[in-house]
Amino acid sequence: MKPRTPLLVKALVAATALAGGGIWLAGAEQNVTPAPPAGAGAPAGAPATIVTPPPLPQGPAPDLAIVFTAQVVGYIEPCG
Amino acid sequence: MFSKSYPASPLLLVDAGDWTGDPTPQGGLQTDGLIEGMNALGYKVSNLSLRELAQGYDLFQARRKKAQFEFVSANLVWQDTGEPVVSPTTIVKTSLRDGARSKDVRIGFIGLTRHDPAFLKEVPGGRRIVTIDPLAAAEKWVPILKPKADVIVALVSMDLDKARQVPKKARDIDLILGGDGAPGRTAMQTRTDDFPEDTQMGRTRLMYAGDQGKFLGEVRLFFDGDRKIASTQRSVVGLSREWPDEEKLAALMESVKVAINEYNKAQTMAQSPFAAPAPAGAPAIPPAGAPAAEPTYVGSERCAGCHDQAFAVWAKSGHARAFQTLVANQQDFNPKCIGCHAIGYQKRSGYVDPKATPTLINVGCESCHGPGSRHLDQPEKGFGRTDTAFCVSCHTRENSPDFVPAEYIPKVRHWDDQHTRR
């Protein structure tokens with residue numbers, strides 16, 4: 001079982017993507033985590049983390065988007 | 001990619017209610033963390049539902065002060081006056097995308113939750129909060145909301161069948177957005193994330209997304225020149241791990257998770273047989289090997305003497321390290337997680353805590369085959385028959401999204417189909 005990350009956190013990213021808030025790399029087909037500056041983060045040679053987000057539905061620019069959650073029941077994330 | 005396509009489309013975040021955690025200290029930590037997260041996300045409105053009041057009106061009020069979004073409910077009312085406990089409706093005025101046929105709109109929200117005749121919350125001072133029929137509440141409040149709003153949205157937390165009746169009583173609702181909150185309705189067969197609801201009923205579009213925040217329901221709205229909805233485009237966005245995290249919120253949620261685990265750890269260890277000497281008169285823990293009416297758990301090591309081949313397969317498998325997954329993820333004292341990462345948790349003679357029952361951490365022989373003490377004393381064929389169908393009791397879509405039986409089962413295979421030694 002691979003670790004997963006808090007869903008509310010993903011909600012922000014998805015919502016921001018829906019809102020056009022700029023978390024997505026504009027125009028990129030894949031969202032690639034930028035390499036850390038030299039001397040920071042993962043050791044040299046560590047494979048780059050590549051996250052491929054699922055595609056959002058395409059269509060004309062909406063005048064407004066309403067995004068909703070339901071039945072969160074305190075849920076934060078799965079076990080691991 | 002979306003930001004490039006739709007840089008100017010405003011977004012309105014709302015919740016259909018029942019987002020509050022369980023009425024426990026751990027649930028309280030979750031709830032407080034969620035409020036902080038919802039504030040950061042910019043939620044505007046939440047339906048007030050029964051979970052939000054589960055720990056009483058006073059605590060709800062304290063949390064309400066922290067929330068930077070508004071609560072609405074038309075059918076949680078004071079028993080003595082019949083007046084709603086919070087505002088039944090609210091209006092959010094929002095601008096539209098540049099280039100839209102209207103400049104701005106007034107979105108009217110109404111909150112509706114399930115009617116539970118057994119629900120009754122007494123407030124200090126003697127007043128009581130009860131639910132009333134959501135259909136009657138909608139019938140009363142939607143006409144009042146109509147002249148003030150260009151679009152009417154009902155945020156609902158109720159049985160889907162009930163939600164389908166709402167448009168019959170309140171035809172002016174444009175959107176019903178919700179989740180199914182009835183006890184027992186979140187089982188696999190009826191989860192609305194398995195079968196997202198998206199139906200048109202007259203002018204009303206009814207949309208249900210899944211539960212536990214794993215999905216976002218999204219409605220893209222297109223308006224005509226009279227501020228009325230011309231068309232919609234809808235989707236349910238599954239928040240799978242492919243979505244990247246936002247750093248600040250990730251840190252917040254991590255701190256909530258760690259706080260809960262630490263709380264659980266303190267509670268568990270305080271109750272552990274190793275926590276303190278047993279007080280005089282306390283019942284003694286049965287000594288190992290004491291005769292028991294029912295078989296007890298013995299730990300996987302005890303199986304190795306006879307089942308060396310099976311033990312070797314197990315030792316190399318992920319099952320033998322399953323508990324470490326929880327430790328690494330700060331969930332090793334989460335009661336909701338331990339059952340699938342240790343042997344016999346919450347069962348007689350099963351896992352208690354890492355100190356009291358160190359041989360019962362991880363998924364072991366007895367996780368699938370049952371407690372082995374009797375088999376150890378009297379080895380017999382046919383013990384512990386099980387089936388690979390049992391795997392899915394833990395390898396759920398939520399916790400084991402990559403689980404593919406054809407790929408996973410060979411990793412733990414220690415039996416011969418023709419001469420089954422299960």
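This is a predicted model: local features need pLDDT of at least 70, side-chain atom pairs count only at pLDDT 80 or more; totals for chains, interfaces and linings use all residues.

Mentor: Let us begin with strand E3 (residues 64-69) of chain A: 6 of its 6 residues are buried, so the strand is largely enclosed by the rest of the structure. A residue is called buried if 20 or more other C-beta atoms lie within 10 Å of its own, exposed if 12 or fewer, and partly exposed in between, with C-beta atoms placed from the backbone. Strands (E, at least two residues) and helices (H or I, at least four) are DSSP runs, numbered from the N terminus.

Residues are numbered from 1 along each chain as its sequence is written, and chains are lettered from A and ligands numbered from 1 in the order in which they are written.

In a regular strand the side chains alternate between the two faces of the sheet. In E3(A), Leu64(A), Ile66(A) and Phe68(A) lie on one side, Ala65(A), Val67(A) and Thr69(A) lie on the other, and all of them are buried, which leaves both faces covered.

The pairing partners of E3(A) considered here belong to chain B. E3(A) pairs with strand E13 (residues 215-223) of chain B in the antiparallel sense over 5 bridges; two strands pair if DSSP finds at least two bridges between them. Within this pairing, Val67(A) has Glu218(B) of E13(B) as its bridge partner. E3(A) also pairs with strand E1 (residues 11-15) of chain B, here in the parallel sense and over 5 bridges. In E1(B), the residue opposite Ile66(A) is Leu12(B).

The segment after E3 of chain A holds Gln71(A). This residue is not a glycine, yet its phi is positive, about 55°. Gln71(A) has 30 other C-beta atoms within 10 Å and is therefore buried.

As for the chain that carries the strand, chain A has 1 helix and 3 strands, in the order α-β-β-β from the N terminus on. Of its 80 residues, 46% count as buried. Two residues are in contact if their C-beta atoms, placed from the backbone, lie within 7 Å. Among the contacts in chain A between residues at least 6 apart in sequence, 45% join residues at least 24 apart.

In soluble globular proteins, nonpolar side chains tend to be buried together. A nonpolar core is a set of buried Ala, Val, Leu, Ile, Met, Phe, Trp, Tyr and Cys residues joined through C-beta atoms within 7 Å. The largest such core has 69 residues, and those with the most contacts inside it are Ile66(A), Ile110(B), Ala138(B), Val153(B), Ala154(B) and Ile176(B). Strand E9 (residues 151-157) of chain B provides the largest share of this core, 6 residues. A second, separate core has 16 residues, among them Phe323(B), Ile338(B), Tyr345(B) and Leu360(B).

Apart from its neighbours within four places in sequence, Ile176(B) is in contact with Ala154(B), Val156(B), Ala163(B), Val166(B), Thr204(B), Leu206(B) and Met207(B). Strand E10 (residues 175-179) of chain B pairs with E12(B) in the parallel sense over 4 bridges, and the bridge partner of Ile176(B) in E12(B) is Leu206(B).

Strand E12 (residues 204-208) of chain B is itself mostly covered, with 5 of its 5 residues buried. Thr204(B), Leu206(B) and Tyr208(B) point one way from E12(B), Arg205(B) and Met207(B) point the other way, and all are buried. Strand E11 (residues 197-201) of chain B is joined to E12(B) by 5 bridges, and the two run antiparallel. Met201(B) stands opposite Thr204(B) of E12(B). The hairpin of E11(B) and E12(B) has 2 residues between the strands, and in this hairpin Gly202(B) takes a positive phi near 65°.
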